[in-house]
Amino acid sequence: MPAKGYNNLIGGKWVPSRTGKTFPNVNPARHDDVLGEFQASGAADIDAAVKAAAEAWKTWRLTPAPARAVILYRTGELLLERKEQYAREMTREMGKVLAETRGDVQEAIDTAFYMAGEGRRLFGQTTPSELQNKFAMSVRMPVGVCGMIAPWNFPMAIPSWKLFPALVCGNTCVIKPAEDTPLSTFNLVQTLIDAGLPPGVVNIVTGFGPEAGAPLVEHPLVRAVSFTGSSEVGRIVGQTAAAHFKPCSLEMGGKNAMIVLEDANLDLALDGALWGAFGTTGQRCTATSRIIVHKDVIRDFTEELVDRAEALRLGDGLDPEIQMGPQINRQQIETSIRYCEIAKKEGAKILTGGKPLTKGAYAKGHFFAPTVVGKVKPGMRIAQEEVFGPVVSILECSSFDEALAIANNIQYGLSTAIYTRDVNRAFRAVRDLEAGITYVNAPTIGAEVHLPFGGVKQTGNGHREGGTGALDFYTTWKSVYFDYSDKLQRAQIDTGE
Ligand code: UN1
């Protein structure tokens with residue numbers, strides 16, 4: 001049976017790409033399972049989608065925010081009903097296990113309800129004027145057409161972080177999902193449409209970065225750009241947006257550290273390390289990839305982590321017995337292989353894993369063994385560069401201060417964790433770890449949608465998704481002055497007496 005064909009969504013119509021080309025969406029756990037053929041779009045498709053979004057903006061920006069929010073609320077309710085179906089389709093297109101894809105859909109549901117609530121807030125400010133008979137306030141205004149480029153590791157949650165705040169704030173959108181996972185974005189947007197979203201308010205154009213992503217960032221009618229993905233691509237997106245003076249939110253790499261001090265509950269730290277490093281097959285920007293362990297406990301910790309990593313059951317995430325799915329594609333497998341080679345050459349030791357699994361049922365997918373690397377020194381590339389796979393490094397420290405120094409000796413700054421029972425050291429870690437997120441006695445993954453999400457240093461460019469941070473990106477402040485004195489009053493010159 002030929003795979004189902006999916007078109008772009010432009011101005012409320014499902015239309016094929018003008019390039020005439022398509023690409024397949026393949027299950028990374030089973031290559032004979034093709035979920036569909038999607039459009040390999042180009043600049044002309046982007047242009048049509050952006051123009052449709054600009055047209056739709058004329059009325060959407062005037063739709064009252066509480067009415068926009070009703071659509072989000074209904075979207076949340078429909079997603080709840082469809083959660084199981086969407087989770088199963090997501091496991092097939094992305095590979096992570098069902099419990100996690102249910103969580104991914106849940107994250108979109110949470111974002112829908114949270115942002116629906118914003119429809120009746122979107123607070124501005126009032127403040128006294130320095131002059132008599134004058135009123136001053138600031139209000140949030142929509143930005144206009146927003147261009148969004150989403151990654152494959154959270155194929156529904158991350159598009160929802162971008163779309164839902166943008167929509168409640170009164171923007172219209174063109175989204176390019178990751179080429180590995182377009183179906184989950186289709187499911188999300190179909191739900192918005194079923195909830196009553198008018199045509200053209202959200203448009204989907206599928207395709208690859210250079211052909212479809214680049215023209216979206218460059219398009220003169222796109223007023224703001226939101227990107228989640230690699231630092232390498234983010235640099236190009238940021239530079240392009242800067243050349244057009246466009247606000248641009250970049251959420252990129254991480255090399256997230258977990259500190260395990262000698263007084264930690266070791267069993268809890270091990271649970272956290274296993275989940276943080278191998279949950280989502282290590283393919284989260286928040287994944288635990290450096291574990292900095294105090295010398296007094298490093299032996300026990302490492303032995304136990306290796307045992308637990310070896311006991312993980314790998315396979316097709318649709319099977320409820322499976323604990324870890326495949327990597328997303330061949331290229332990511334090659335990255336994992338390359339970094340294990342680099343680690344060995346640098347003098348580190350692969351304690352378990354370090355290679356792809358290619359035999360039997362694994363032959364049909366992109367599987368890589370859960371990998372623990374020991375004898376890692378802070379300056380090694382394996383300790384500095386993002387792998388984005390199931391590969392975790394263990395580094396030794398002899399004091400709390402040294403642990404902090406190792407954790408901060410990195411170009412990234414997304415998530416961090418510390419395991420200790422000492423409240424003083426926990427608070428110091430919260431203050432001193434250079435990261436957008438710090439967990440105490442919990443792993444580096446698992447951010448909740450109503451708190452700001454993002455990082456410092458080269459993880460991002462200062463913007464935040466989630467929480468009120470998202471509203472700051474998808475609105476622009478307008479300051480409004482009402483003078484009811486019936487005379488010219490000059491600010492800074494007339495005293496207002
Ligand atoms: C990501 O990996 O890009 O905090 C997002 C977490 C998830 C989101 C991860 N809620 O791990």
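Visitor: Let us take R140: does this residue count as buried or exposed?

Guide: R140 counts as buried, at 18% relative accessibility; here buried means under 20% relative accessible area, exposed over 50% and partly exposed in between, with a 1.4 Å probe and protein chains only. Before we go on, please keep in mind that this is a predicted model, in which local features need pLDDT of at least 70 and side-chain atom pairs count only at pLDDT 80 or more, while totals for chains, interfaces and linings use all residues. Residues are numbered from 1 along each chain as its sequence is written, and side-chain values use heavy atoms, with hydrogens and water left out.

R140 belongs to strand β7 (residues 134–142). Strands (E, at least two residues) and helices (H or I, at least four) are DSSP runs, numbered from the N terminus. The side chain of R140 has a polar contact with the side chain of D472, at 3.0 Å, and reaches the backbone oxygen of F123 at 3.4 Å. A polar contact is a pair of N or O atoms within 3.5 Å; within protein, one must be able to donate a hydrogen and the other to accept it, and residues adjacent in sequence count only if both atoms are side-chain atoms.

Most residues other than glycine have a negative phi. K375 is another non-glycine residue with positive phi, about 55°, but its setting is strand β18 (residues 371–376), and at 60% relative accessibility K375 counts as exposed.

Now for another buried polar side chain. Q39, in strand β5 (residues 34–39), counts as buried at 6% relative accessibility. Its side chain makes a polar contact with the side chain of N7 at 3.1 Å, and a polar atom of the Q39 side chain lies 2.8 Å from the backbone nitrogen of S17. As for the sheet, three strands form an open arrangement in the order β1-β5-β4, with mixed pairing. β1 (5–6) and β4 (22–26) stand at its edges with a single partner strand each, so one side of each is left without a neighbour in the sheet. Two strands pair if DSSP finds at least two bridges between them; β1 and β5 do so in the parallel sense, over two bridges, and Y6 stands opposite F38 in β5.

Another parallel pair is β13 (residues 256–260) with β14, joined by five bridges. N256 has T288, in β14, as its bridge partner. Seven of the seven residues of β14 (residues 288–294) are buried, so this strand is largely enclosed by the rest of the structure.

An oxygen atom of the ligand is 2.7 Å from an N or O atom in the side chain of R284. Backbones take part as well: a ligand oxygen is 2.8 Å from a polar backbone atom of C285, and a ligand oxygen is 2.7 Å from a polar backbone atom of A447. Taken alone, the ligand exposes 320 Å², and the protein buries 99% of that; such accessible areas come from the Shrake-Rupley method with a 1.4 Å probe, and for residues only the protein chains shown count as cover.
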